[in-house]
Amino acid sequence: MTHKIDSYVEQQHELYKKLALEIHAKPEVSNYEFFACETLSQQLIAEGFDVTVDVAGHRTGFDARYKSAKPGPVVVFLAEYDALVGIGHACGHNIFGTTSSLAGAALKEVIDEVGGEIRIYGTPGEEGGENGSAKGSFVREGFLDDVDVALCVHPGHLHGLTGTSLANDPVDVEFFGRASHASGAPEYGINALDAVIAVFNNINALREHLTDDVRIHGIITHGGDAPNVVPEYASARFYLRAQARHTLNDVYQKFENIVKAAALATGCTYKFGLFQNSVDNTVVTPLLDAVYERHLNRYGEVVTPRQAGGSGSTDVGNISQVVPTIQPHINISNEPIAGHSIEFREASKSELGLSTIALGAKILAHTALDLILDPQLLEAVKIQHKENTQNQV
C-alpha cells in the first residue's frame, strides 16, 4: 500500500504542479474562487470522486467523496485555494489545495482494500472577506458530524507541526447621525465620526484590563464625505482575537458595550455584528502530529522547533474544535519569508514550493492510512483531542 500511494503521487505530480501554477496565475479572493474551485473539483471528478459544488452556503465551496464498500473511518482532507487581496497567492493556498486533493486521490488507490471513506472539502475564504472563513459553515451545516479526523498541511518556511492560533471575531461597526453645516449650523448635526473615534479611544482604555493574549485592531472604513459637513454616517471594521473562544466571547460583549456607549454619548444609532464567520482557536492533538512527523522523517525531512512569537487566526480552528485536526507547515523556502509577502507569493510557484505538493500528499495520505489501519491509534487520537478540547485555557 505504501508503494501504491507513493507511485500514484509521483505519477500525478506534474499534473498537480501544473494545476497549482494555473491557480497561482489567477488569484481569486473569498467568494470569487471560481477558477480554483472548478480546477480542483473537475480534477477530483476525473480521479473518481463524487463532487458537489456550492455547498454549506458557499458558491465556491465543494464536497468531494469516495466511499469504499468496506466500512471504516471517514477521513477529510481540507483544501484551501483563496488568494489575498492585492498580493495574490502570498499564503501559498495554490499549493495547499492541490496537496490535499492529491493526498485524497492517492489514498483512494488503497481505500477499497482497507475500508473507509475519503472526503476533500473545498473551503473558500480562509483569508476572510466576502462570505469568508467557510470552515465555520461546514461545521455549522453538519459536514463534520460523521468525520473521524481532518488533515491538511500549510506552506511555510521550514517544517513545523500544528501550532495554536487565536480565535477571531471579525466585526463591523456603523453609526448613523444627522448631517448639517459643520460651521454654519453644527448644533443641528449629530456626528457619526465622533462615535467611531470614541470607540477607538475606549478600546485603548479597555486594553489595560485585558489578558495578554487578546488583540483588538481595526480601521475606519468611512469617516465622512466633506470637512464642512457633519458626518451623518461613519463606519469601522475590527478583528477581535483571543487565545480561547470563551475569552473572546467576553471581549466581544465588552466591545459591544463600548459601541453602545459611543452611540449614547453622541446621539447616534448604530449597527454592530460579525461581517463573516467567526473563527475559533486551534485545538492541537499532539498524537496526530506525531504520526505526521514520523512520515515526514521517513522521507528524510525533519521538523524545526519554532520560536515563540505572535499568532494569527485560521478557520482550521473551527474544524479542530469538533474533530482531531492537523495543519503542520511544510517548507517551501530555505530562506526566512514572511507570510502575506511578495517573497511568499514567489515561493508559492518556485520549484521547491511545487515539489512539496508530492511530499505533502504522500505524508498526509500515509498519516490517514495509519489511522485507518490502527483503530487503537485512532481512538487514542480521539481521546486526546476530547481532553484537550475540554481543557482549553
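Colleague: Is E14 buried or exposed?
Modeller: This is a predicted model: local features need pLDDT of at least 70, side-chain atom pairs count only at pLDDT 80 or more, and totals for chains, interfaces and linings use all residues. Residues are numbered from 1 along each chain as its sequence is written, and side-chain values use heavy atoms, leaving out hydrogens and water. Buried means under 20% relative accessible area, exposed over 50%, partly exposed in between (1.4 Å probe, protein chains only). E14 has a relative accessible area of 54%, so E14 is exposed.

Colleague: Which residue forms a salt bridge with K17?
Modeller: A salt bridge needs a side-chain nitrogen of Lys or Arg within 4 Å of a carboxyl oxygen of Asp or Glu. For K17, the closest N and O atoms of the pair are 3.2 Å apart. The partner is E14.

Colleague: How many residues apart are D146 and R119?
Modeller: Their salt bridge has its closest N and O atoms 2.8 Å apart. D146 sits in the loop between α4 and β5, while R119 is in strand β4. Helices (H or I, at least four residues) and strands (E, at least two) are DSSP runs, numbered from the N terminus. The pair links distant parts of the chain, and its separation in residues is 27.
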